[in-house]
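Subject: Structure for your review

Dear colleague,

Please find the structure below. My notes on what was found in it follow directly after.

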Amino acid sequence: MGWAIALHGGAGDIPLSFPVEGRAPREAALRHCLELGVAALKANRPPLDVVELVVRELENSPCFNAGKGSVLTTNGTVEMEACIMDGNTKKCGAVSGLSTVVNAISLARLVMERTPHIYLAFDGAEAFAREQGVETAHSSHFITPENVERLKNAKEAKRVQIDFTEPIKGTIPSSIGDSQIGTVGCVAVDGHGILASATSTGGLVNKMAGRIGDTPIIGAGTYANSYCAVSATGKGESIIQATVARDVAALMEYKGLSLKEAAAYVIERTPKGNVGLVAVSANGEVTMPFNTTGMFRACATEDGYSEIGIWPSGINGDLEYPNK
């Protein structure tokens, strides 16, 4: 038994031609957040604190589809959502429809700790944020030129885009003209086997206003219990239908599968091109499977293993930074 941590920055159709200038800042952000999480675990901070800390940092990066980098609804607005769960107690908190909260994951934790509820959304969640004095910003803070361009391209193609959609045919690929941006999440376990999971997202490019994805739904995009902690990413509708995160835990609990076996089984049974996840188990195992082209991901364990990758191992130089 030992500590372990894994995080993701979204899964999707990430082309092997994805330019280095686009990859570098995302990989740097993942590396920074991984180091932050490892340091927190080594300092004996509770896993719940660790996953919140890491996801807050990912939300603050414009490289990902959460917080500052959140994509836009069809109305040109931001509707952020997040979820956090403590595997030791199964306590959890979730929020949706946020347009002014700088760190949605921290509001989700406050819902868990300071209300009798699990899930708050839209006006009620915003009112609770003001009541709790969390950091907020005008909605324009989240509406970046990059995401305005992403929405424009999605509308022209008449489609809703999941994380890392390839540039639309007929358009000129650029750093802002595609949907190369993804949901964020983190899972962690300490040396005592206590687990926690956190996920945050801006949803889908050009989604209908009011649409809720898998991220804040316990058992779909986020789950933690005494067996494992899971954070999923990809197409929310498919993840909800497959109850991805809970199924991983259930296969371990009821069928006796290992973490890797359970996660691989769930990924295989979810429609191809729709999902990826990161997960850790109570005994310090880690796995990061996906059935999309790629998934921005990183992990580290107490025995010294760490990696940062995008595509399957051995493809286009991945894993980028394996260390054993």
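Glu52 and Arg109 are both buried, where buried means under 20% relative accessible area, exposed means over 50%, and partly exposed lies in between (1.4 Å probe, protein chains only). The model is a predicted one, in which local features need pLDDT of at least 70 and side-chain atom pairs count only at pLDDT 80 or more, while totals for chains, interfaces and linings use all residues. Residues are numbered from 1 along each chain as its sequence is written, and side-chain values use heavy atoms, with hydrogens and water left out.

Glu52 and Arg109 form a salt bridge, with their closest N and O atoms 2.9 Å apart. Glu52 belongs to helix 2 (residues 47-59) and Arg109 to helix 3, so the pair ties together parts that are 57 residues apart in sequence. A salt bridge here is a side-chain nitrogen of Lys or Arg within 4 Å of a carboxyl oxygen of Asp or Glu. Helices (H or I, at least four residues) and strands (E, at least two) are DSSP runs, numbered from the N terminus. Salt bridges also link Asp49, Glu52, Arg109 and Glu113 in a network.

By this rule, the count comes to 7 salt bridges. One of them joins the side chains of Glu156 and Lys152, at 2.9 Å from N to O. Both residues lie in helix 5 (residues 145-157), 4 residues apart, which is about one turn of the helix. Glu156 counts as exposed, at 51% relative accessibility, whereas Lys152 is partly exposed at 43%.

Another salt bridge is formed by the side chains of Arg211 and Glu237 (3.0 Å, N to O). Arg211 lies in the loop between strand 6 (195-201) and strand 7 (222-224) and Glu237 in helix 6 (residues 236-242), so this pair ties together parts that are 26 residues apart in sequence. Arg211 is buried, with a relative accessible area of 14%, and Glu237 is partly exposed at 31% relative accessibility.

Turning to helix 8 (residues 259-269), this is where Ile267 is placed. Ile267 is buried, at 5% relative accessibility. Leaving aside neighbours within four places in sequence, Ile267 is in contact (heavy atoms within 4.5 Å) with Val275, Gly276, Leu277, Pro289, Phe290 and Asn291. The C-alpha atoms of Ile267 and Ala104 are separated by 27 Å, and these two residues are 163 residues apart along the chain.

Yours sincerely
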